[in-house]
Amino acid sequence: MEIVKAARTDEKALLALLKEYFAHEGKDYSKHELQQIITRAQHSGKEFHLLKEGTRVVGCISIILREKNEVELDTLFVAKAFEGKGYEALLLDHALAFCERENIHTIMSVIPRAYELLFAQKGFHLHKNKVCVELKKQVTQQKNLHEQLKDLAHVEETSDQTSEMLGALKTRK
């Protein structure tokens, strides 16, 4: 299992996946229309990232660079035959890791209701029809929480050691 940026050699598989994606939304596009959608998307800065199981493309997510520190996540989709295996979460984690590596602070996405819980679990906040998160703030909060937990563990350990010492001193008297 791997997630890769779509290459020219992936076009046929991407077309098939997008056909299923749009059919899921009630839209029926021809192969030519899908190729135009892909071409326009790529010219506007959209990158498709594909989840492959062996040689088969089973899911995708697209990342659109809007501004220097802002992206939009779009087209999160896993083929029906592969739903329920956690692949949607893998794709979203991949996109978030990409944003962190690229030092992108703001991530937006318009998502179907089916993905609200997944996005919420990853730290996104729902704003009307958009899901938004500031990744830097999210990462900083996670790091601060981790440090606080380490400090708390240290305090508890010190408290236990102090109690043991006091107990030992009391038994000496």
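Biologist: Among the contacts in the protein with a separation of 6 or more, what share is accounted for by residues 24 or more positions apart?

Modeller: This is a predicted model, and along the sequence the protein follows the pattern β-α-α-β-β-β-α-β-α-β-β-α, with five helices and seven strands. Of the contacts with a separation of 6 or more, the part that joins residues 24 or more positions apart is 56%.

Biologist: Is D10 buried or exposed, and what is its relative accessible area?

Modeller: D10 lies in the loop between β1 (2–5) and α1 (11–24). Because buried means under 20% relative accessible area, D10 counts as buried, with a value of 7%.

Biologist: Which residue has a side chain joined to that of D10 by a polar contact?

Modeller: Leaving aside residues up to four places away in sequence, D10 touches K5, L50 and K52. A polar contact of 2.7 Å links the side chain of D10 with that of K52.

Biologist: How many Å does helix α3 reach from its first C-alpha to its last?

Modeller: Helix α3 covers residues 87–101, which is 15 residues, and at 1.5 Å a residue a span of 21 Å is expected. The reach in the model is close to that expectation, at 21 Å.

Biologist: Which residues of α3 are buried?

Modeller: Across the protein, buried residues make up 35% of the 173 residues. An α-helix has 3.6 residues a turn, so residues three or four places apart point the same way. In α3 the buried residues are Y87, E88, L91, L92, H94, A95, L96, F98 and C99.

Biologist: Which residue just after α3 takes a positive phi?

Modeller: Helix α3 takes in residues 87–101. Just after α3, a positive phi of about 60 degrees is found at N103.

Definitions and conventions. Residues are numbered from 1 along each chain as its sequence is written. This is a predicted model: local features need pLDDT of at least 70, side-chain atom pairs count only at pLDDT 80 or more; totals for chains, interfaces and linings use all residues. Side-chain values use heavy atoms; hydrogens and water are left out. Helices (H or I, at least four residues) and strands (E, at least two) are DSSP runs, numbered from the N terminus. Buried means under 20% relative accessible area, exposed over 50%, partly exposed in between (1.4 Å probe, protein chains only). A polar contact is a pair of N or O atoms within 3.5 Å; within protein, one must be able to donate a hydrogen and the other to accept it, and residues adjacent in sequence count only if both atoms are side-chain atoms. Contact means heavy atoms within 4.5 Å. The expected span of a helix is 1.5 Å times one less than its number of residues.
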